[in-house]
Amino acid sequence: MTRGAGMPAPRAIALGVALAAALAAPAARAQDGAAPVVLSPEAVDLGAATLGEPASGSFELRNAGDRPLRIARIASSCACLVAEAPAGDVAPGGSVRIPVTLTPGTKPGERVTKTLTLEIDGFAPRPLRVSAMVVARPAPWGKVTAVAGGIAAAALLLLAAARARRKAG
């Protein structure tokens, strides 16, 4: 078969396909890159958190892009850290406050740091650190009072017994 004047050469076809792919690549990469969001604060510090008790805080997510964003889910590095993705889209320029709850189970005196991963449709996952300083549970006053009262009662009995011996002897 001979090539006519109206039939492009294989090189020209290959060049056209490569050019089309190159022009489409930046748009595809933009969707796979970082989401146009601003997190405030960039890391959540819950301060002092009592061992085994929930500590709560929040962060704000602002859509800095020109299209609505949907948070598909928020994954956690630990079952002790919980945050729920808001329903619906975040409009361009809009923001949403997302509550966070951490229930630390480590030893008092240790700083615990966990990670939330925001999965935003069409973009790479975005991590967010959440931390707290674990403190011991305070002693319940009822038990302290009962122990102190028991010690005081025992001391009074000992004093009374000592006085009775002195009188008798």
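This report covers the strands, core and disulfide of a predicted protein model.

Residues are numbered from 1 along each chain as its sequence is written, and side-chain values use heavy atoms, with hydrogens and water left out. Because the model is predicted, local features need pLDDT of at least 70 and side-chain atom pairs count only at pLDDT 80 or more, whereas totals for chains, interfaces and linings use all residues.

**Overall layout**

The protein has 2 helices and 9 strands. Helices (H or I, at least four residues) and strands (E, at least two) are DSSP runs, numbered from the N terminus. In that direction the elements run α-β-β-β-β-β-β-β-β-β-α. Of the 169 residues, 20% count as buried; buried means under 20% relative accessible area, exposed over 50%, and partly exposed in between (1.4 Å probe, protein chains only). Among contacts (heavy atoms within 4.5 Å) with a separation of 6 or more, 65% come from residues 24 or more positions apart.

**Strand pairing**

Two strands pair if DSSP finds at least two bridges between them.

| Pair | Bridges | Facing residues |
|---|---|---|
| E1 and E3 | 4 bridges | Val37 and Asn63 |
| E3 and E7 | 8 bridges | Phe59 and Ile98 |
| E5 and E7 | 2 bridges | Val82 and Thr101 |
| E4 and E8 | 5 bridges | Arg73 and Glu119 |

E4 and E8 also belong to an open sheet of 5 strands with mixed pairing, in the order E2-E9-E8-E4-E6. Its edge strands are E2 and E6 (89-90), each of which pairs on one side only.

In a regular strand the side chains alternate between the two faces of the sheet. E1 (residues 37-40) has Val37 and Leu39 on its covered face, with Val38 and Ser40 on the uncovered one. For E7 the covered face holds Val96, Ile98, Val100 and Leu102, and the uncovered face holds Ser95, Arg97, Pro99 and Thr101.

Ser40 also takes part in a cis peptide bond to Pro41, with omega near 0°. Pro41 lies in the loop between E1 and E2. Most peptide bonds are trans.

**Nonpolar core**

The largest nonpolar core has 29 residues, and those with the most contacts inside it are Phe59, Leu61, Ile98, Leu116, Leu118 and Ile120. Such a core is a set of buried Ala, Val, Leu, Ile, Met, Phe, Trp, Tyr and Cys residues joined through side-chain atoms within 4.5 Å. E1, E2, E3, E4, E7, E8 and E9 each supply at least two residues of this core. Not counting residues up to four places away in sequence, Leu116 touches Phe59, Ile74, Ala75, Ser76, Leu81, Ala83, Val100, Arg126, Pro127, Leu128 and Val130.

**Disulfide**

A search of the whole structure finds 1 disulfide, a pair of cysteine sulfur atoms within 2.5 Å. This link joins Cys78 to Cys80, with S to S 2.5 Å. The angle about the S-S bond is 130°, and the link is right-handed. Cys78 counts as partly exposed because its relative accessibility is 23%. Cys80 has a relative accessible area of 17%, so Cys80 is buried.
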